[in-house]
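Me: I've just opened this one and I'm new to it. Can we go through it together, one question at a time?

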2 protein chains.
Amino acid sequence: MGKAMRWADGFIAVDWGTTNRRAYLLDATGHRTDEFEDAKGVLTVTDFPAAVAEIRERLGDRPLLLAGMIGSNKGWVEAPYVPCPAGIDELAANLTWAGEREAIVPGVSYIGQGRADVMRGEEVQLLGGVAAGLVAKEALVCHPGTHNKWALLRGGIIKTFGTVMTGELFSLLKDHSILADLLAGPVEPNDAFKRGVRSALENDLLPASLFGVRAGVLLGQTNKDDAASYVSGLLVGTDVRIGLTWPMAARIMVIGRPELTRLYAAAIGEAGREAVELDGEQCFLAGIQEIAKRIS
Amino acid sequence: MGKAMRWADGFIAVDWGTTNRRAYLLDATGHRTDEFEDAKGVLTVTDFPAAVAEIRERLGDRPLLLAGMIGSNKGWVEAPYVPCPAGIDELAANLTWAGEREAIVPGVSYIGQGRADVMRGEEVQLLGGVAAGLVAKEALVCHPGTHNKWALLRGGIIKTFGTVMTGELFSLLKDHSILADLLAGPVEPNDAFKRGVRSALENDLLPASLFGVRAGVLLGQTNKDDAASYVSGLLVGTDVRIGLTWPMAARIMVIGRPELTRLYAAAIGEAGREAVELDGEQCFLAGIQEIAKRIS
């Protein structure tokens, strides 16, 4: 039985990140028939063949197509980056085969304009959104996460992109900074969040504004319960201010986990632009199937 | 013997911060005759009377004048903030007495222009610089540290100030972020530092530029050995960009530890402004003696 035939019968798609993994069993018609998610992210796994075998035990003995940090230098087998411009064809043509039935999708890199950038995992969702007809071939896409991506699509292909460290900065502040006790509460796209967004859109004082939150609480000028949403607003607002300098920022596609896309959509709205939220999982499944179709 | 007489015979000055303390024995003529520094910062001390007694065992049985985080809500006895405008007289008139011979200098607060801010410890150095004739009565002063302060002096008094979380952000990135392994090296005001400063002065992309360092190293565009100085340059440059929006930024007095003031002086120079570096310890001793003189 040839490789293409085996994959056409259905396969297992895995979005394998730093801290968790999501695995989906897809049948020959592309329907998701089973799935699971767990906390076995790349950083917690030491025996990758065993972790892969466990996926097959749970979902069946099918070929595996893996994307995300599993292809990084901290993952199973390093899958070199494909440089921009990169579309589904470039991803499918540059799979790294960890075994005869285990392929890893490459990340995408950008070098130019005096800067360098990398993504790994988001590319499947961005290009999957295009493949599913949810994202126009000419579009600015925002993908919130630990490291938010702004990607410019031209002709349905990633032309260039940039990363903003928003999610990680919030985690650092929440877990380790002098603001930690103020940031324990939930983040909501409420009035406090929008105040933070507007402050960040109007000026560029982020490292000053952050300390101001602590001082405001100490001096009774700021409601402690607002702090988490306000600080998130400062960070997401700074991120959106950077994103609005990209071309085609009038209408921005926001792809990712719904609890993050709604924050970015609120911030983009506060900036007077239109945001369209798309579910990252749906885009991932569309993208990974487009790649699998090209395996021959 | 009256209070003023006891203090005029000499006293012990303590700059007691979060992570360390520096204690100085000053004689009746104001000369420093003994001193020590150790790691018994406010956060490590549970028995403050014992920690104070230990200072007297080492330096002699003299009155104590304490400044810094020792007066915070995590210190020995909380010394309420004195609001701006605040000079040496206001500090001396608002000491908090932890005992008959133990006084704590208040911090300074600012509320106005839609923001709030606090300092605790830097005020003695800023106003001490003026008292010693090292800082003009009309000046913009920068005090680098975990939380850098920009203070505007008018008539020798702190009129307003603002805090930028530069030092803490660098520590968070160095200790806990995805950049940690790139930031282990020394920070120097070298070419890489100045490149970071210029990047921050020219644009306001801090959370994007930070990730760019990692991507640059991954893609072989950035020298790993330059990363610590470059990232410090990005952060200090962002700080200086904010500081340059203050009045009187043509010539900036930079007070603090020499290893930090030289970084800020280099960044201010890169921005085409003049920086004058002053040793924070010298300014502290001048300020604390001015306060002691006013105890009656």
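Me: Where is B:Pro85 found in chain B?
Reply: Keep in mind that this is a predicted model. Most peptide bonds are trans. As for its place, B:Pro85 sits in the loop between strand S5 (82-83) and helix H3 (88-93) of chain B.

Me: And in chain A, which residue does a cis peptide bond join to A:Pro85?
Reply: A:Pro85 lies in the loop between strand S5 (82-83) and helix H3 (88-93) of chain A. Omega of the cis bond is about -5 degrees, and the partner is A:Cys84.

Me: Is A:Gln113 buried or exposed?
Reply: Find A:Gln113 in the loop between strand S8 (108-112) and strand S9 (115-119) of chain A. Its phi is near 50 degrees, a positive value in a residue other than glycine. A:Gln113 has 8 C-beta neighbours inside 10 Å, so it counts as exposed.

Me: What is the phi of B:Gln113 near?
Reply: B:Gln113 is in the loop between S8 and S9 of chain B, and with 8 C-beta neighbours inside 10 Å it counts as exposed. Most residues other than glycine have a negative phi. For B:Gln113 the value is positive, near 50 degrees.

Me: What rotation superposes chain B on chain A?
Reply: The superposition has an RMSD of 0.0 Å and 0.0 Å of shift along the axis. That is the relation of a two-fold axis. The same surface serves both copies, with 100% of the contact residues of chain B recurring in chain A. The rotation is 180 degrees.

Me: Which helix gives the largest share of the side of chain B that touches chain A?
Reply: The contact takes 34 residues from chain B and 34 residues from chain A. Several elements of chain B supply at least two residues each, among them strand S12 (157-164), helix H5 (166-176) and helix H7 (206-218). By class, this side has 18 nonpolar, 11 polar and five charged residues. The largest share, nine residues, comes from H7(B).

Me: What do the buried residues of H5(A) pack against?
Reply: Those buried residues are A:Thr166, A:Glu168, A:Leu169, A:Leu172 and A:Leu173. Within chain A, they pack against strand S11 (148-154), strand S12 (157-164), helix H7 (206-218) and helix H8 (227-243), together with H5 and H7 of chain B.

Me: Which residues have the most contacts inside the largest nonpolar core?
Reply: That core has 201 residues. Leaving aside neighbours within four places in sequence, B:Val231 is in contact with residues including B:Leu173, B:Leu210 and B:Val213. The ones with the most contacts inside the core are A:Val231 and B:Val231.

Me: How far apart are the C-alpha centres of the two domains of chain A?
Reply: Chain A is divided into domain 1 (3-135 + 283-293) and domain 2 (164-279). Their contact takes six residues from domain 1 and four residues from domain 2. Helix H4 (residues 122-131) gives the most to the domain 1 side, with three residues. The centres lie 30 Å apart.

Me: What is the radius of gyration of chain A?
Reply: Chain A has 10 helices and 14 strands. The globule rule gives 19 Å for 296 residues, and the value for chain A is close to that, so the chain is as compact as a globular protein of that length. The radius of gyration is 20 Å.

How values were computed. Residues are numbered from 1 along each chain as its sequence is written. Chains are lettered from A and ligands numbered from 1 in the order in which they are written. This is a predicted model: local features need pLDDT of at least 70, side-chain atom pairs count only at pLDDT 80 or more; totals for chains, interfaces and linings use all residues. Two residues are in contact if their C-beta atoms, placed from the backbone, lie within 7 Å. Helices (H or I, at least four residues) and strands (E, at least two) are DSSP runs, numbered from the N terminus. Ala, Val, Leu, Ile, Met, Phe, Trp, Tyr, Cys and Pro count as nonpolar, Asp, Glu, Lys and Arg as charged, and the others, Gly among them, as polar. The radius of gyration is taken over C-alpha atoms; the globule rule is 2.2 Å times the number of residues to the power 0.38. Domain bounds come from an automatic or database domain assignment. A nonpolar core is a set of buried Ala, Val, Leu, Ile, Met, Phe, Trp, Tyr and Cys residues joined through C-beta atoms within 7 Å. A residue is buried if 20 or more other C-beta atoms lie within 10 Å of its own, exposed if 12 or fewer, and partly exposed in between; C-beta atoms are placed from the backbone. Copies are superposed by least squares on the C-alpha atoms of residues with pLDDT of at least 70 in both.
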